Amino acid sequence: PPGIPQKPFDSTLTWFEKNCLSDDCAADLRLHGKLLLSGPHLALGGVKNISLNLTISNAGDDAYDTNIYLNFSREVHYINFLQREEKGISCELVQLDFLKCSVGFPFMRAQTKYHLSVLFDTSHLSGENETLLFLVHARSANPEHENKLHDNTLELSIPLVHEVDTTLTGVVNPSSFVYGNSIEASRFVQLEDLECNFQPLNFTFQVINNGPSRLLASTVDIRLPNRLVANGADMFHIIDTQVSRGNCTWQRNPTPCTIPQDKESLFHTIFAFFTKSGRKVLDCDRPGRACLTISCSLGSQPKEEAMSIDVQMLLNTEILTRDSSSVIQFVTRGHVQVDHRSLEVSSGLPEDISLVFEALHSQEPRGYVVGWIIAISLLVGILIFLLLAVLLWKMGFFRRRYREIIEAEKNRNDSDESWDWVQKSQ
């Protein structure tokens, strides 16, 4: 604390010097104080004001020219002070980070106690320091015994925390597409010197900081199911990523164009076509699923600001055509995690997101499969016709007993003529 300034009442000072300094009129100043906060820390940007409550008492002789000195950060601003009763307390801002409060000038009587509250503006705290510190010291012109000086000083501090409430949103375009051998190649993308047909996909994620503090840094992890089977080829090839403030990293696909070899028989292919139905779901949350992870590091983000992540990638449709499902559903997962210097205060908004897009098979077989299906169908039809013909022949459908029918008809006619002659003779 600075030295004691010159006193305005010279007569009082002369009396004090003559009668008290020689007789050792020792004062006994005692300081108590606390910071008024609703929680164990101060949320940067969320708490605008802070109150420092101080109590000073004198358990010794009358203390002449008693002052309380407050040192604090230049990032907080002194607003005003309040005293419980009108007891002659006045405060003066000597410097931007130094406050001097005079208590009961000229004398602070023995066995008296004073209460005051000092209000500070904390809306401009940057958070570079992890704590907000207040140094408080009480001093008077009286001598004071060394063993009683320990309670003349207070050190009050409060942790500074960046309280944030983040949420993650996103969209994928297109949300569905059709693939298959009957789809024109112009609807897909082909890379230079590569034979594969690629389906372009665009992902857009947004990290929103709902405050109340600035988000110093965050990390967004995006996971995509990258294989149809565990030992299969990778399907995705990332073209580019764009981040508002930050960068993304991922494991690159060294062979983006992989065309699986047909190792199945013709009859198995035809059977797979007729049984091609149902939905296959590829989700990274399921065990044993190989996934592509994109990790994006984001920079500082003010309150109520959104930061975007754009991912452009290609999906190798050649791998999809070898699958027996009519619909393949891809579930992409995203998660945002804040920096260790920030505290996530959840208000029900999700920090995770799942995006779903579907690959729909055209349900049309390859040309040679169509030919074989027609040939086999004709062959089966002929075999069924021959089988029915043999069965009918065995059942006698094609046998006609014409001789027996003619003889029976002749006998019936002879019998009718004989009957007519008998009747005429009578």
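Below are some questions and answers about the sheets and disulfides of this predicted model.

Q: In what order do the strands of the open sheet with β1 and β5 at its edges line up?
A: Start from the edges: β1 (29-36) and β5 (77-83) each pair on one side only. The sheet is built from 4 strands with antiparallel pairing. Reading across, the order is β1-β3-β8-β5.

Q: Which residue of β19 does H237 face?
A: Strand β15 pairs with β19 (residues 305-316) in the antiparallel sense, over 7 bridges. Within that pairing, the residue of β19 opposite H237 is L314.

Q: Is C101 buried or exposed?
A: C101 forms a disulfide with C91, with the sulfur atoms 2.0 Å apart. C91 sits in strand β6 (residues 89-95) and C101 in strand β7 (residues 98-108). Buried means under 20% relative accessible area. C101 has 0%, so it counts as buried.

Q: How many residues apart in sequence are the parts that C196 and C257 tie together?
A: A disulfide joins C196 to C257. C196 lies in the loop between β12 (176-179) and β13 (198-209), while C257 lies in the loop between β16 (246-250) and α2 (266-274). So the pair ties together parts whose separation in sequence is 61 residues.

Q: Is the link of C284 and C291 left-handed or right-handed?
A: The sulfur atoms of C284 and C291 are joined in a disulfide, 2.0 Å from S to S. The angle about the S-S bond is -125°, and that link is left-handed.

Q: Is C291 buried, partly exposed or exposed?
A: Buried would need under 20% relative accessible area, and exposed would need over 50%. C284 gets 8%, so it counts as buried. C291 has a relative accessible area of 29%, so it is partly exposed.

Q: What is the pairing of the bonded cysteines, numbered in sequence order?
A: The chain has 4 disulfides. Number the bonded cysteines along the chain, and the pairing reads 1-2, 3-5, 4-8, 6-7.

Definitions and conventions: Residues numbered from 1 in each chain as written. Predicted model: local features only at pLDDT ≥ 70, side-chain atom pairs only at ≥ 80, totals over all residues. Heavy atoms only, no water. Pairing = 2+ DSSP bridges. Helix = DSSP H or I, 4+ residues; strand = E, 2+ residues; numbered from the N terminus. Disulfide = S-S within 2.5 Å. Buried < 20%, exposed > 50% of the residue type's maximum accessible area, 1.4 Å probe, protein only.
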